[in-house]
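Dear colleague,

Please read them with the coordinates open.

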Amino acid sequence: MRYHGVAVVPGVSRGQLWAPRPANIQDAGGFEAFEAARQRFIDDAAALPEDLSAMYAAIVLDPMWDDGIARHLAASGWLPSAVSATAAEIAATLEDLDDPYLRARAADFIQIGAQLIRLLGNAVAPAPESILCARDVSAVELAQWSEQLAGIVLIDVAPTAHVAIVARGLALPTIALAGECKGLYESAQRAGEGAPLPSLLNGFEGWLETAPERELAQRYPPQRITSQADPAPVHVGDRAIGVFANLNFPGDAPFAAALGADGVGLLRTEFLYVDRPRQPALAEERSTYARIASTFTGRPIIVRTLDLGGDKVGLGIEHDGLDHGMLGVRGIRLSLRQPEPFLQHVQAILEGFAGADVRLMFPMVTLPDEFRQARELVIEAARRAKGSRVPPLGIMVEVPAAAYALEVFAREGASFVSFGTNDLAQYFFASDRLSADNAFDPATNAAFQAFVRDAVARAKHAGLEVGVCGEAAGSAALTSFWIECGVDELSVSPGLVPWLKARLRNALSTSAKEVT
Ligand code: PEP
Ligand code: MG
């Protein structure tokens, strides 16, 4: 059976699915036992990077634990339930807060509570080559078990959570699955009780297949990306090809920077908007961007303005009663219909990235007139963001019509384009990108490649810098194709950066040998 989710760390792994079971505790002890477990937790957390271990120590030392545990212990007399009741109580308080950072800490309290309970019982550890099915697992446990793990499935855990950040650092293939996989979690717990569940995890494409057919397992051999940083640039002759990173969340930024990304090729700003009924406050948006800017000092950062619509819902998108799916008011079309929220959004970007090498990119642009209108709004936002200048502007090439007007965009003031091959392929092939039956593969389709090759040539001719930020940028089958097209920059998920640099250098040295 296949479970689809979000790809968090690329790679492929095989193993038995495993989830830690609730600890079997005979004699839990009283408050001193809690304090001993807390101290062990702090000692274990010391193995994490400094900022994370300090954050975990601060959370576990929060006086709310002491109050809650003393109260629940007096009522029930049973320490494990006092710990879980306290964790749930604190999490519920945090979930009610407006501040998204504090809201996100709710999950940390639940995970730490679960770990404290495990620390009260016998140690649990996975067998070698397990695929961890993680639900209430903390980053501390993840780091401890990493030697035995082949991969990680995060259930009900946001890709922004600390466990996800630590998973990225471990370079273990990882995916995040939505909550409907509850049954899968229970199966994983049973797997630890002698009901093995062989599984194949694909962190490139974001799925897990339980009991995979032999043919499928042969098609996807295990593959681990390296977590070794590679800050050296890649050159074709005297020209550099930038290997940039796509950032979906602020937590991706330090990881991408540490791995040696030459810049950010796509910052998907939707993370602050999706599933929220209202626009975030200017100050919240600005400070989030400032944090990202501080990790990429001196490197270019391409920020894409809000790309809502289609499958990304937020901001109360107006509908006309028809379901337009991917063909309706999306991306820049929506922003132009709601100029005030757009102005505030751009102002937050300009203020948050003040002093950085920031560039602004508009999504889903179809007509030059949309670019003109968006440019005028950016000029107004720069006026509101005191002291800001208008940064270099560009468009995503996602709609085929835009690919035939690149000269006009350049004349209107665009200085770069980035090929969003995920949407470009969907509109080129008339095939929904979300459909599991989408059989059109840019990596093997000659018509798509001819179209893109022409468009890149036209963009270069118009003096535009050319990047690629769709998934095809990191397709192993297309590395040589992108070099031949003459693109300036490829932007991929952070974990792929060192891998892609190595692959480009390899392709370049192979073609150099062929020429001589
Ligand atoms: C794309 O369409 O290729 C792209 C990078 O944008 P997104 O995947 O966010 O739609
Ligand atoms: Mg897109």
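Are E398 and D423 buried or exposed? Both E398 and D423 are buried, where buried means under 20% relative accessible area and exposed over 50%, with a 1.4 Å probe and protein chains only.

Please keep in mind that this is a predicted model, in which local features need pLDDT of at least 70 and side-chain atom pairs count only at pLDDT 80 or more, while totals for chains, interfaces and linings use all residues. Residues are numbered from 1 along each chain as its sequence is written, chains are lettered from A and ligands numbered from 1 in the order in which they are written, and side-chain values use heavy atoms, with hydrogens and water left out.

The magnesium ion (ligand 2) is coordinated at 2.0 Å by E398 (OE) and D423 (OD), donors being N, O and S atoms within 2.8 Å of the metal (3.2 Å for Na, K and Ca); water is not among the atoms, so sites may look incomplete. This pair links distant parts of the chain, 25 residues apart, with E398 in the loop between β15 (393–397) and α15 (400–403) and D423 in helix α17 (residues 421–429); helices (H or I, at least four residues) and strands (E, at least two) are DSSP runs, numbered from the N terminus.

D423 also has a polar side-chain atom 3.0 Å from an oxygen atom of ligand 1, and a side-chain N or O atom of R268 lies 2.7 Å from an oxygen atom of ligand 1. The largest share of the shell around ligand 1, three residues, comes from α17.

Best regards

Methods
Polar contact = N/O pair within 3.5 Å; in protein donor to acceptor, adjacent residues only side chain to side chain.
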